[in-house]
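This briefing covers the fold of one protein chain, grouped by topic. Please keep the sequence and the structure in view while reading.

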Amino acid sequence: MLEQIRIVLVNTSHTGNIGSVARAMKTMGLSELVLVDPVQAPDSHASALAAGATDVLHQAKIVDTLAEAIDDCTLVIGTSARSRTIDWPMLGPREAATQALAEVQSGKVALVFGRERSGLTNDELSQCTHHMNVPTNPEYSSLNLAMAVQTLTYELRMQYLEANQQPEAEDTEYPRMEELELFYEHLEKTLLGTGFIIKQHPGQVLLKLKRLFARARPDATELNILRGILTSIDKQTGLK
């Protein structure tokens, strides 16, 4: 599924950014990169910053226009760093990832990122079916190209894993309620024997301890350890 999602970079100025984007993509399982009219084709600087993702870089396709990059896609999400006058469906990274993964079942999806300084033009945004904005700190919204790509591809991967990973069968053995009650009885007996609680005035201590162990949820082995600790205290204090 992730391989059906295309990252499109429009008119990128610095080749190092292209390499960093390739790295961001590969770490999250994406591999299809399309470059629209880059100022310069990927070079050795791009390869250096790709840091092991040179396969994504070398397979990148270069086209002249955004229309060429997205002509076979059914969903195109363009990133917008600021509010535009065009009234267009606006998504956050999480919603964009959800939309992309739903759409990729039936068609190609393109995620479009604009120029480092000015982003996408209104004309380019008008070619997208949806717009996405990363909700950065309004007082400092400086997000470089690779960071923006990493933000969205991370959301894609997390949602993909959640949808496709089956929970592993839990092999931990937990004590039966009967065994827990025996533990609580033993705990009460020991605390009474040490004088930590007074039988005539037990207060809420035992109830709070039960709540504590309920939150901790000790497994069978851990409960046996706790019983062993209580037994050792009993021996030291002469309790039977």
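**Thr 153 and its setting**

Thr 153 is found in helix H7, helices (H or I, at least four residues) and strands (E, at least two) being DSSP runs numbered from the N terminus. The model is a predicted one, in which local features need pLDDT of at least 70, side-chain atom pairs count only at pLDDT 80 or more, and totals for chains, interfaces and linings use all residues. Residues are numbered from 1 along each chain as its sequence is written, and side-chain values use heavy atoms, with hydrogens and water left out.

- Thr 153 counts as buried because its relative accessibility is 0%; buried means under 20% relative accessible area, exposed over 50%, and partly exposed in between (1.4 Å probe, protein chains only).
- A polar atom of the Thr 153 side chain lies 2.8 Å from the backbone oxygen of Val 149.
- The Thr 153 side chain also reaches the backbone oxygen of Gln 150, at 3.2 Å.
- Both are polar contacts, that is, pairs of N or O atoms within 3.5 Å; within protein, one atom must be able to donate a hydrogen and the other to accept it, and residues adjacent in sequence count only if both atoms are side-chain atoms.
- Leaving out residues up to four places away in sequence, Thr 153 touches Ile 7, Ala 24, Met 28 and Leu 30, where contact means heavy atoms within 4.5 Å.

**Helix H7**

- H7 covers residues 145-164, and its 20 residues should span 28 Å at 1.5 Å a residue; the end C-alpha atoms are 29 Å apart, which agrees. The expected span is 1.5 Å times one less than the number of residues.
- Its buried residues are Leu 145, Ala 146, Ala 148, Val 149, Leu 152, Thr 153, Glu 155, Leu 156 and Gln 159.
- An α-helix has 3.6 residues a turn, so residues three or four places apart point the same way.
- The cover over the buried residues of H7 includes strand E1 (5-10), helix H1 (15-27), helix H5 (93-103), strand E6 (108-113) and strand E7 (130-132).
- At the N-terminal end, Asn 144 caps H7, with a side-chain oxygen 3.2 Å from the backbone nitrogen of Ala 146.

**Nonpolar cores**

- The largest nonpolar core has 38 residues, and Ile 5, Leu 9 and Leu 33 have the most contacts inside it. Such a core is a set of buried Ala, Val, Leu, Ile, Met, Phe, Trp, Tyr and Cys residues joined through side-chain atoms within 4.5 Å.
- H7 supplies the largest share of this core, 6 residues.
- A second, separate core has 15 residues, among them Val 10, Val 36, Leu 66 and Cys 73.
- Beyond its neighbours within four places in sequence, Leu 9 is in contact with residues including Ile 18, Leu 33, Phe 113, Leu 145 and Val 149.

- The 13 residues of H1 should span 18 Å at 1.5 Å a residue, and its end C-alpha atoms are 19 Å apart, which agrees.
- In H1, the buried residues are Thr 15, Gly 16, Ile 18, Gly 19, Val 21, Ala 22, Ala 24 and Met 25.
- These buried residues pack against E1, strand E2 (32-36), helix H2 (44-50), helix H3 (54-58) and H7.
- E1 and E2 pair in the parallel sense over 5 bridges; two strands pair if DSSP finds at least two bridges between them.
- Val 34 in E2 is the bridge partner of Val 8.
- E2 is largely enclosed by the rest of the structure, because 4 of its 5 residues are buried.

**Glu 116**

- Glu 116 sits in the loop between E6 and helix H6 (122-126), and counts as partly exposed because its relative accessibility is 27%.
- The Glu 116 side chain reaches the backbone nitrogen of Ser 13 at 2.9 Å, and one of its polar atoms lies 3.1 Å from the backbone nitrogen of His 14.
- Residues up to four places away in sequence aside, Glu 116 touches Asn 11, Thr 12, Ser 13, His 14 and Asn 17.

- Ala 51, in the loop between H2 and H3, has a positive phi near 50 degrees.
- Arg 217, in the loop between helix H9 (205-216) and helix H10 (220-237), has a positive phi near 45 degrees.

**Domains**

- The domain assignment gives domain 1 (2-164) and domain 2 (177-237); such bounds come from an automatic or database assignment.
- The centres of domain 1 and domain 2, taken over C-alpha atoms, are 57 Å apart.
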